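I opened the model to look up how its parts pack and what surrounds its ligands. My notes follow in the order in which I looked.

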Amino acid sequence: MTIAVLGGGAWGTALAQVIASGDRPVTLWARESEVVEAVNGAHENPLFLPKIPLSPLIRATSDLGEIAGAEAVLVVTPAQHMRSVLRGLAPTGQALILCAKGIEAGTLKLLHDVAHEEHPDSPIAVLSGPTFAHEVAAGLPTAITLAAGDEAQAKALAALIARPTFRPYVSTDLAGAEIGGAVKNVLAIACGVVEGAGLGQNARAALIARGFAEMTRFGMARGARPETLAGLSGLGDLVLTCSSTSSRNFSLGVGLGQGKSARDLLSDRRTVAEGAATAPVLVEAARAAGVDMPIAEAVCALLSGEAEVGAVVERLLTRPLSAEVRA
Ligand SMILES: NC(=O)C1=CN([C@@H]2O[C@H](COP(=O)(O)OP(=O)(O)OC[C@H]3O[C@@H](n4cnc5c(N)ncnc54)[C@H](O)[C@@H]3O)[C@@H](O)[C@H]2O)C=CC1
Ligand SMILES: O=C(CO)COP(=O)(O)O
């Protein structure tokens with residue numbers, strides 16, 4: 001049976017490639033007709049994942065109806081579009097594996113809650129971890145967290161998608177797997193700012209550690225387990241995206257740190273920097289949960305243009321001194 005992938009961006013295409021490497025036919029739903037044509041004709045996706053020859057076992061379509069017969073569906077749309085795309089999918093009870101990283105604006109809901117609302121009869125799983133799409137598509141070794149509400153379900157889905165260089169570790173902590181990925185994108189922007197403003201490597205290490213403390217506080221307030229946040233989908237992904245210009249969030253931060261405006265930096269991008277969409281939602285969700293997230297607040301202020309880099313850094317450095325670990 002086929003496995004379906006919803007979303008023909010870099011990550012959806014890379015996941016289709018890794019699944020197809022196990023001799024499995026993959027149906028890839030893409031919004032853009034040029035992606036459908038290029039994947040079916042030339043076996044490539046020059047729009048979102050250039051220079052990677054794709055498996056002929058991947059067949060692209062723009063018809064959501066063609067997803068109906070698949071054994072499982074990997075959902076890889078940007079977080080803010082996930083609900084509307086899922087709404088167009090027939091309610092067949094297929095397992096949905098969510099691969100986007102974010103929190104829904106307006107409702108402040110995690111994506112597995114959104115998916116459950118739209119498809120109450122489908123088992124829901126979350127796939128997250130340190131995974132640059134171009135490395136996964138090139139077959140480089142990668143490990144991920146695969147969480148489902150039920151352990152047997154998580155194991156069955158892990159067996160379905162595991163490949164020799166793509167190694168899932170199972171979990172039953174859906175909230176933990178999701179929150180790590182959503183929060184690290186915002187922190188990656190902050191680390192990019194440190195790089196762009198030339199604040200040094202000590203500052204970046206401090207930001208990663210204090211950012212992880214924010215992720216843990218927020219995660220635990222929303223029901224995540226701290227050991228999940230310390231794993232691949234939390235700390236693992238935080239380290240990856242806070243240290244490489246391959247990260248779109250980090251590189252957005254570099255531009256902000258150099259004094260460019262978020263509007264200018266985002267206007268000529270076709271690709272997503274999810275942290276920019278997540279930051280205001282995260283700040284709102286943290287305030288609603290009574291959680292202090294000064295780094296996320298700083299990223300938000302920079303993105304909205306409310307404050308400049310110098311002021312934001314000064315605000316962070318002049319906070320009252322406090323204990324490293326809060327009671
Ligand atoms: N690229 C990567 O290395 C990784 C990405 N992710 C996550 O996967 C998700 C998708 O990211 P990418 O594949 O990288 O995207 P991308 O930046 O490569 O491509 C943009 C995607 O957004 C879609 N899109 C734009 N407007 C839309 C709309 N109105 N409705 C539905 N879809 C729309 C486009 O069709 C395209 O698939 C994001 O949440 C991202 O954080 C997760 C792990 C790795
Ligand atoms: O989530 C990712 C790697 O795990 C990709 O990060 P960026 O979206 O910042 O490129």
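**Entry 1: a term first.** I call a crossing right-handed if the near helix is turned clockwise from the far one by less than a right angle, and left-handed if anticlockwise. I also note at the start that this is a predicted model.

**Entry 2: helix 7 and helix 10.** I applied the term to this pair. The crossing of helix 7 with helix 10 is right-handed. I then read the packing angle, which is about 25 degrees, with the two axes 8 Å apart. Angles under 35 degrees count as roughly parallel, so helix 7 is roughly parallel to helix 10.

Next I listed the contact. Helix 7 brings Ala 177, Gly 180, Gly 181, Lys 184, Asn 185, Leu 187 and Ala 188. Helix 10 answers with Ser 233, Gly 234, Asp 237, Leu 238 and Thr 241. I sorted these residues by class and got four nonpolar, six polar and two charged.

**Entry 3: helix 7 and helix 13.** I stayed with helix 7 and turned to helix 13, residues 274-289. Their axes come within 8 Å and cross at roughly 105 degrees. An angle from 65 to 115 degrees counts as roughly perpendicular, and helix 7 and helix 13 are therefore roughly perpendicular to each other.

From helix 7, I noted Ala 182, Val 183, Asn 185, Val 186, Ala 188 and Ile 189. They meet Glu 274, Gly 275, Thr 278, Ala 279 and Leu 282 of helix 13. By class, I have seven nonpolar, three polar and one charged residues in this contact. Asn 185 and Ala 188 of helix 7 are in my list for helix 10 and in my list for helix 13.

**Entry 4: the two domains.** I looked up the division of the chain. Domain 1 spans 3-172 and domain 2 spans 175-317. Their C-alpha centres lie 24 Å apart. The contact takes 24 residues from domain 1 and 25 residues from domain 2.

I then asked which elements of domain 1 give two or more residues to the side that touches domain 2. They are helix 4 (111-118), strand 6 (124-128), strand 7 (142-148) and strand 8 (166-171). Strand 7 gives the most, with four residues. By class, this side of domain 1 has 16 nonpolar, seven polar and one charged residues.

**Entry 5: ligand 1.** I counted 25 residues around ligand 1. Gly 9, Trp 11, His 81, Ala 100 and Thr 271 come nearest. Helix 1, residues 10-20, gives the largest share of the shell, three residues. By class, I found 12 nonpolar, nine polar and four charged residues. Domain 1 and domain 2 each supply at least three residues of this shell.

**Entry 6: ligand 2.** I counted 13 residues around ligand 2. The nearest are Thr 131, Asp 237, Ser 247, Arg 248 and Asn 249. Which helices each supply at least two residues of this shell? I found helix 7 (174-196), helix 10 (232-241) and helix 11 (248-257). Helix 10 has the largest share, three residues. I sorted the shell into four nonpolar, five polar and four charged residues. Here, too, I traced at least three residues to each of domain 1 and domain 2.

Definitions and conventions: Residues are numbered from 1 along each chain as its sequence is written. Chains are lettered from A and ligands numbered from 1 in the order in which they are written. This is a predicted model: local features need pLDDT of at least 70, side-chain atom pairs count only at pLDDT 80 or more; totals for chains, interfaces and linings use all residues. A residue is near a molecule or strand if its C-beta atom, placed from the backbone, lies within 6 Å of it. Ala, Val, Leu, Ile, Met, Phe, Trp, Tyr, Cys and Pro count as nonpolar, Asp, Glu, Lys and Arg as charged, and the others, Gly among them, as polar. Domain bounds come from an automatic or database domain assignment. Axes are lines fitted to C-alpha atoms, for helices over the stretch in contact, and angles run from 0 to 180 degrees between N-to-C directions. Angles under 35 degrees count as roughly parallel, over 145 as roughly antiparallel, 65 to 115 as roughly perpendicular and the rest as oblique. Two residues are in contact if their C-beta atoms, placed from the backbone, lie within 7 Å.
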